[in-house]
Amino acid sequence: MTLITLAHGSRHEGTAAVIDNLTAAAGSCLGETAVSAYLELQRPVLRDVVTELARQGHRHAIVVPLLFTDAYHARHDAPRALHDASDLGVQLMLAPPLGLGDEIASLLVQVIKEDTDSPIHVVLWAVGSSDQVANERMRALGVTVAKRAGYSVTTLFATRGGLEALQKITQKYSRVHLLPLFVAPGLLFDLAMNSGCAFSYSLPLGSRLAEVVARRYEHARRSG
């Protein structure tokens, strides 16, 4: 069985290396072949990856979406990508996305404790969604992280007025730490980094997500 990670994709030049490292780390956890694919904006797309796997003789693969929310990309784009690659001779199974559950909360708390010292105000910097339920779940994640880490946390959405809000927060608090809810670097992460605001920051989660990806793969394999 092969692991395929399915990321959204970005025009950012640093994205591919981080995704590939995460994919390799998850494959190492599982002891399985692991390859990266993207929904859009960069290659290889899923169909390209599955074509190559079929050429190499692989017949089964589990696709783990590198997505935090169960919004449009997870509900529509990922299943459509699997459907578009379903005629190539490789049986594909779609695993759950990364999600916003306890594993992610625990990982974010770990990152905060490794990268900061108190007292500090944390900004959970997320992409944001047109799906308000997804946004509320991200805010709930911020509340959970605040309780566990013992810091105040504000959740901001890069695509929903986040930059202006970030500027106000860095004016309000003497010490601010940016905690990105991102798998890899991207233009929206750079939006904060190039804002001119004063804050310390953590890097996108990258290979720290390897065990979460491996668990999503195993869940799909058991369910299948």
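The legends below describe several views of one predicted protein model.

Residues are numbered from 1 along each chain as its sequence is written, and side-chain values use heavy atoms, with hydrogens and water left out. Because the model is predicted, local features need pLDDT of at least 70 and side-chain atom pairs count only at pLDDT 80 or more, while totals for chains, interfaces and linings use all residues.

View 1. Helices (H or I, at least four residues) and strands (E, at least two) are DSSP runs, numbered from the N terminus. The C-alpha trace spans about 55 × 30 × 30 Å along its principal axes. Of the 224 residues, 50% count as buried, where buried means under 20% relative accessible area, exposed over 50% and partly exposed in between, with a 1.4 Å probe and protein chains only.

**View 2. The largest nonpolar core, which has 45 residues.** A nonpolar core is a set of buried Ala, Val, Leu, Ile, Met, Phe, Trp, Tyr and Cys residues joined through side-chain atoms within 4.5 Å. The members that touch the most others are Phe68, Leu108, Leu141, Leu181 and Leu209. Among the elements that each supply at least two residues of this core are strand S1 (2–7), helix H4 (102–115) and helix H8 (210–223), and the largest share, 7 residues, comes from H4. At least three residues of this core are drawn from each of domain 1 (2–99 + 208–223) and domain 2 (102–205), with bounds that come from an automatic or database domain assignment.

**View 3. The surroundings of Phe68.** When its neighbours within four places in sequence are left aside, Phe68 is in contact (heavy atoms within 4.5 Å) with residues including Leu98, Ile104, Leu181, Phe182 and Leu209.

**View 4. Strand S1 and its two partner strands, S3 and S2.** Because 6 of the 6 residues of S1 are buried, this strand is largely enclosed by the rest of the structure. Thr2, Ile4 and Leu6 are buried on one side, and Leu3, Thr5 and Ala7 are buried on the other, so that both faces of S1 are covered. Two strands pair if DSSP finds at least two bridges between them. S1 and S3 run parallel and are joined by 5 bridges, with Thr2 standing opposite Ala61. S1 also pairs with S2 (residues 34–38) in the parallel sense, over 5 bridges, and there Ala7 has Tyr38 as its bridge partner.
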